[in-house]
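Q: Hey, I've just opened this one and could use a quick tour. Can we go through it together?
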Amino acid sequence: MISSNTLQSNTYLYTKLAAFYANCGRLGEARVIFDRIVLKNVFLWNSMIRGYACNGQCMKSIVLYREMMSFGQKPDNFTYPFVLKACGDLGVVEIGRRVHCEVVVCGFETDVYVGNCLLAMYSKFGEMDMVKMVFDRMPDRDLTSWNTMISGYVRNGEPKEAFLVFQMMGRTGLVADCATLLGLLSACVDMSSLKLGKAIHAYVVRNDLARVNGFLINSLIELYCSCNFMVAARQCFKEVTWKDTVSWNSLVSGYLKNADALESLRLFCQMVLEGVNLDQVTLVSVLGACYKITALQFSMSVHSYIIKQGFRSHSMVGTALIDSYSKCGDLACSRHVFDEMAEKTLVSWSAMVSGYGLHGMGREALSIFHDMMGIGITPDEGVLTSVLTACSHAGLVNEGKEIFHCMEKKYNVQPRLAHFSCLIDLLGRAGYLDEAYEFIKAMEIKPTSDMWASLLSACRLHKNVELAELAAQIVFEMNPKGVGSYVCLSNLYASENRWDDVEKVRALVRRKGLRKPPGFSFTELDKVVHRFLVGDKSHEQKDAIYDKLNELSQRLKEVGYKPDTSSVFYDVEEEVKEKMLWDHSERLAIAFALINTGPGAVIRITKNLRICADCHTVSKLISKLMCREIVMRDIRRFHHFKDGLCSCGDYW
């Protein structure tokens, strides 16, 4: 058109060309042409406003709308929907309300298209009362109106209201479409309602909707994962003819959420083999699975893949790497990734602070925290939680108390439940039980069951039976199904040889139908993760493992080791107690690693429960006897055993 001089003085063609570029998202070219046109009609203004609103340039959309008004051009029912969309996406409540007023003045409030966009805008603002008011005033409603109401309630955390709207919709005779079902499935996820989700799944199958809309099957996978129904999630996944990245990601993260990190890693390997396009969500989930089972070698392989595929510059992936390495026990790699990050977000700093805290390096965590503030980054709730936790693990009572008490004044952060919990844990671990108890009683907000459970755990550690009984009674009332607190009280009674009380607590657990999770440990060998249960006899190398344990037991006794049977909470003979200690899963994992790795190789173990006092002692002695470093992560923190010492300084 340029070369043939067709555009010369042809406003109609210019307008169509500008609209074409705007609709294709080429706003630069569209704006050049737009600015050349002297007589701009409503169609042209609308095309540009729509282009900006739909391509992430919402403020320019609103500014252009104001320019349109100032030039005396009257907006129509095709203008307002995209202006309202821009207001909603930006979250500019006051401007949105002003535009709503202009809609009413111009008489477009009765237009169903404009009305639907008003519903969407107010739901983005979180003002569901206004959404309901607009909805009730609409003379005509289409299926989009009802779907917007349903998705609005789900977006704003009111899933039950979404189902009430759906019931009302059914009475009007309208039939649900895929958008309706997607909204309802999201509501089911929020409510963890497996029954309702199954009913929707049945409707999808009866009407063969999964073939029409692939998003539905992905939402069903997510629903079943959130309800811990992995068999159904896997079946849905198998039935998908064309599996996209979201399908794979839903299943990978689903297994991770449901404590099956090994299956998450298997699926990731399958994704790579099948050439599926991986994204940031995939990599973050896989790195999360790696640290769940301390699969350091696998983390390193994923790190290599990240570099090759060009994800290195993504801050979200970089932060996940920091977290994975620190939780796999390799702080050096974690710090290396952190130092190499071109753009460190607040979450990245928090991950590094948390990593040092997890390894009991409280001083280093504080140093990173102060470095962060030194470059002008203001800490948020998450960073402060991480630094308080680090102080707790390292026994830095004064430092932790100082940070907590100046949170509001110095960092402009109102202390929340997580921060109160951290301070209670800090005081309890350090033995300030009365101070922790008084702090809980004086709190302005109601203490949670976790806070009382933290005090109970500290009472067990410092053998304060009276306060433990008081805390336990409160926890039992607040969280009757939390088996951990019953076990904690039972173990405290056992350590005091109060076997009648032990049996009472255990009988209570049996009556309530509760079960203590079995102790197990992971260790990785040549990128294969091996799991050991307490007293495990299922491993193919079981004979060699138990022979190694007998050898270690004999050699440790020769250097003066005496078993600490206070960790066995059963009223049996001492000899039986000693035998039970040597069946602990972490010892099986250590023996397996000693057999299968060469001299000097670091042994890395993950345990799902807290390491017992005797296993802690044995691990220290083995590290010296076998000249090996043992890095062990229990449910609370890391222990680095080397030359007969532990990094925790026996403070855990």
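This is a predicted model: local features need pLDDT of at least 70, side-chain atom pairs count only at pLDDT 80 or more; totals for chains, interfaces and linings use all residues.

Q: How far is Leu-182 from Gly-535?
A: Their C-alpha atoms are separated by 47 Å, and the two residues are 353 apart along the chain.

Q: Let's zoom out. How many helices and strands does the protein have?
A: It has 35 helices and six strands.

Q: What sort of box do the C-alpha atoms fill?
A: Roughly 100 × 55 × 55 Å, taken along the principal axes.

Q: How much of the protein is buried?
A: Buried residues make up 50% of the 652 residues. As for the accessible surface, it comes to about 31500 Å², and 52% of that belongs to carbon and sulfur atoms.

Q: What about charges, how many are positive and how many negative?
A: There are 74 positive and 72 negative charges, and their mean positions are 3 Å apart.

Q: New topic: which residues does UniProt list for the PROP1-like PPR domain?
A: The UniProt entry, an unreviewed one, gives residues 363–459.

Q: And how much helix and strand is in residues 363–459?
A: That stretch is 76% helix and 0% strand, with its end C-alpha atoms 26 Å apart.

Key. Residues are numbered from 1 along each chain as its sequence is written. Side-chain values use heavy atoms; hydrogens and water are left out. Helices (H or I, at least four residues) and strands (E, at least two) are DSSP runs, numbered from the N terminus. Buried means under 20% relative accessible area, exposed over 50%, partly exposed in between (1.4 Å probe, protein chains only). Accessible areas come from the Shrake-Rupley method with a 1.4 Å probe; for residues, only the protein chains shown count as cover. Lys and Arg count as positive and Asp and Glu as negative; His and the chain ends are not counted. The place of a charge is taken as NZ of Lys, CZ of Arg, CG of Asp or CD of Glu. UniProt positions are given in the numbering used here, feature names are shortened, and annotations may be inferred rather than shown by experiment.
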